[in-house]
Amino acid sequence: MRIGDKGKALLNSPFFNKGTAFSHDERRIFKLEGLLPAGVSTLDTQSKRAYEQFQSIPTPLLKNSFLLSMHDQNEVLFYRLLYDHLKEMMPIIYTPTEGEAIQHYSRQFRRPEGCFLNIDEPEKVEDELRAWGDRDDIDYIIVTDSEEGVGGIGISIAKLVLMTLCAGLHPNRTIPVVLDVGTNNEDLLKDDLYLGLRRTRVEGERYDLFIDTFVNAVKKLFPRAVLHFEDFGLNNGRRLLANYRTKLPCFNDDLQGTGAVTQAAITAAVWVTKSKLTDQRIVIFGAGTAGTGIADHLHYSMTEDGKSEEDARSLFWLIDKPGLLLKSRRDKLTEGQKPYARPDEEWKEMKGEISLLDVVKKVKPTILIGCSTKPGAFTKEIVEEMARNVERPIIFPLSNPTSLHEAQPQDLKTWSKGKALIAAGSPFPPAEYNGKTYDISQANNALGIGLGAVLSRTSRLPQSLIDAAAKALAQLSPALNDPDQALLPDIKDIRHVSTYIAVAVISKAVEEGCATAKVPNENKLLEWVHAQQFKPEYRELKKINPEIAGKAEKGELGMKASH
Ligand SMILES: NC(=O)C1=CN([C@@H]2O[C@H](COP(=O)(O)OP(=O)(O)OC[C@H]3O[C@@H](n4cnc5c(N)ncnc54)[C@H](O)[C@@H]3O)[C@@H](O)[C@H]2O)C=CC1
Ligand SMILES: CC(=O)C(=O)O
Ligand SMILES: [Mg+2]
């Protein structure tokens, strides 16, 4: 991707390539004659053509592969196509299809995209990253240490695509990274086509040193970039965030992004039930990264509203594999789980493991959240029990992909006799009850936090910025106008939503004193954000090749500079 490329190099440069939309003049100047068919398309017709091709592809996985290869050929067209069909293509490019694409990465592989760093060569990390640009070239880096092996590069790419699509982050100023530290997935290790390091995952000191090498290289090479941790395992995500959050602007999307979007959906649901967050009894099933991240975020919000740490803590019941988290088992709990362990005395009448059903019966929760990856965990009995005890049970099965959801939204609606207020991790069709249809919100952590952090050039990303994003999102809930509407805004409005969130994050960064950019005052802020968002439009000649454009402007080439 270089300014000034010509001929085949230009056609192979996804950011500058216009394919059949290169004009006759451009074809001549850039030595593209003979490399393209005679017809000149507009971006509009290219998008129509690509959509026809997309529609003829039989499976979601193949559609994903088609879109990714377009991403790799012509980025503007790729984003334009996605914009034109956002609702239809989002589940193809992101969850649920993305999970499948990651699983099949080594078999579907065509051409590498992204930055691959491996633990056997830590000494090369800095040089390998340097190949992506200079100090000020990079705004945003998504890194995963993918438990599912090298195919995890797919999640870094997919989330970056969302950041561009939804929030307008400039795609040419980002790096998707996978840190290959091995995998414990036996199927991958046995697969002779597997492309990652063929070894079990490295842990302990060597793992920590490798992460440290990576983070230090990022800080040194791209001091302005925001670092986004994605899909780090239970034991690493929280620990790494705690290590690095005071050293550079970084955040963990599964912990913090999920916390923010869930809080926004809960704020709307709680508003529908005409109660307050601090009136709730919250059961979280699956106390891993996302589950404890949500608990932390809600807890933070309650303390901001004036509840004491301890009183707020008493409103949570977290359940993981061996049942309800209890104080007597503290030494077996993770750091993220420990604060939420319940006193054993509360449950002394119970023998053995305390199940979700036991907790629902005794606690009578108002909110039930699933981040367990256990499909079907929210059974009819559990949902009926919950609906018996509270007027409007708030139930969020958040596990992804679709096959791992704790319950189907339609079942939740039916079993609760229409009472449940629902948001789910993946997209679902509307649910029906008594002849009425209800849109199901997708509570997924794709927000404008990143754009706000980038544009404000925040030096750190404290919890207050994430909280500002959650509050801004909650204000846009359609349920605030009509309680039968979805809890979160529709995907089709995501650009507007992300922009609004970015504005809130920037304002908070200024207020907290961590914004280092020169930010305009409140009434100019929205316009300022808009002006900097990426739009899928072809670039003018002068941005593809300034030298040639200069000559054209002087009339030396017999053409105009702008196309
Ligand atoms: N909707 C959203 O925005 C997000 C959804 N997720 C989804 O949430 C799920 C969990 O993700 P992470 O928290 O990152 O994974 P994780 O591995 O950190 O946590 C999963 C937790 O569930 C527990 N668990 C597994 N089986 C269980 C069972 N049968 N009963 C009770 N607990 C059980 C595990 O022990 C672990 O503590 C995934 O499906 C992920 O896709 C994650 C992040 C964001
Ligand atoms: C949404 C997300 O980050 C996840 O499912 O891991
Ligand atoms: Mg994730």
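Trainee: Is asparagine 444 buried or exposed?

Mentor: In this predicted model, the call rests on a neighbour count, and a residue is buried if 20 or more other C-beta atoms lie within 10 Å of its own. Asparagine 444 has 23 other C-beta atoms within 10 Å, so it is buried. Asparagine 444 sits in the loop between strand 14 (441-442) and helix 20 (449-456).

Trainee: Which residues does asparagine 444 touch, not counting residues up to four places away in sequence?

Mentor: Its contacts are Thr95, Val261 and Gly425, with residues up to four places away in sequence left out.

Trainee: Which residues does UniProt list for "binding site"?

Mentor: The unreviewed UniProt entry gives Asn400 and Asn444 under that heading. They span 45 residues in sequence, but no two of their C-alpha atoms are more than 9.4 Å apart, so they gather at one spot.

Trainee: Where is asparagine 400 placed?

Mentor: Asparagine 400 lies in the loop between strand 10 (394-397) and helix 19 (409-415). It counts as buried because 21 C-beta neighbours fall inside 10 Å. Its contacts, not counting residues up to four places away in sequence, include Thr95 and Gly425.

Trainee: How are two packed helices described?

Mentor: By the angle between their axes and the distance between the axes. Here, helix 21 (residues 463-475) and helix 22 (residues 494-512) have axes that come within 8 Å and cross at roughly 145°. The crossing is right-handed. Among the residues making the contact are Leu465 and Ala468 of helix 21 and Ile501 and Val505 of helix 22. By class, the contact residues divide into 11 nonpolar, 1 polar and 3 charged.

Terms used: Residues are numbered from 1 along each chain as its sequence is written. Chains are lettered from A and ligands numbered from 1 in the order in which they are written. This is a predicted model: local features need pLDDT of at least 70, side-chain atom pairs count only at pLDDT 80 or more; totals for chains, interfaces and linings use all residues. Axes are lines fitted to C-alpha atoms, for helices over the stretch in contact, and angles run from 0 to 180 degrees between N-to-C directions. Helices (H or I, at least four residues) and strands (E, at least two) are DSSP runs, numbered from the N terminus. A crossing is left-handed if the near helix is turned anticlockwise from the far one by less than a right angle, and right-handed if clockwise. Two residues are in contact if their C-beta atoms, placed from the backbone, lie within 7 Å. Ala, Val, Leu, Ile, Met, Phe, Trp, Tyr, Cys and Pro count as nonpolar, Asp, Glu, Lys and Arg as charged, and the others, Gly among them, as polar. UniProt positions are given in the numbering used here, feature names are shortened, and annotations may be inferred rather than shown by experiment. A residue is buried if 20 or more other C-beta atoms lie within 10 Å of its own, exposed if 12 or fewer, and partly exposed in between; C-beta atoms are placed from the backbone.
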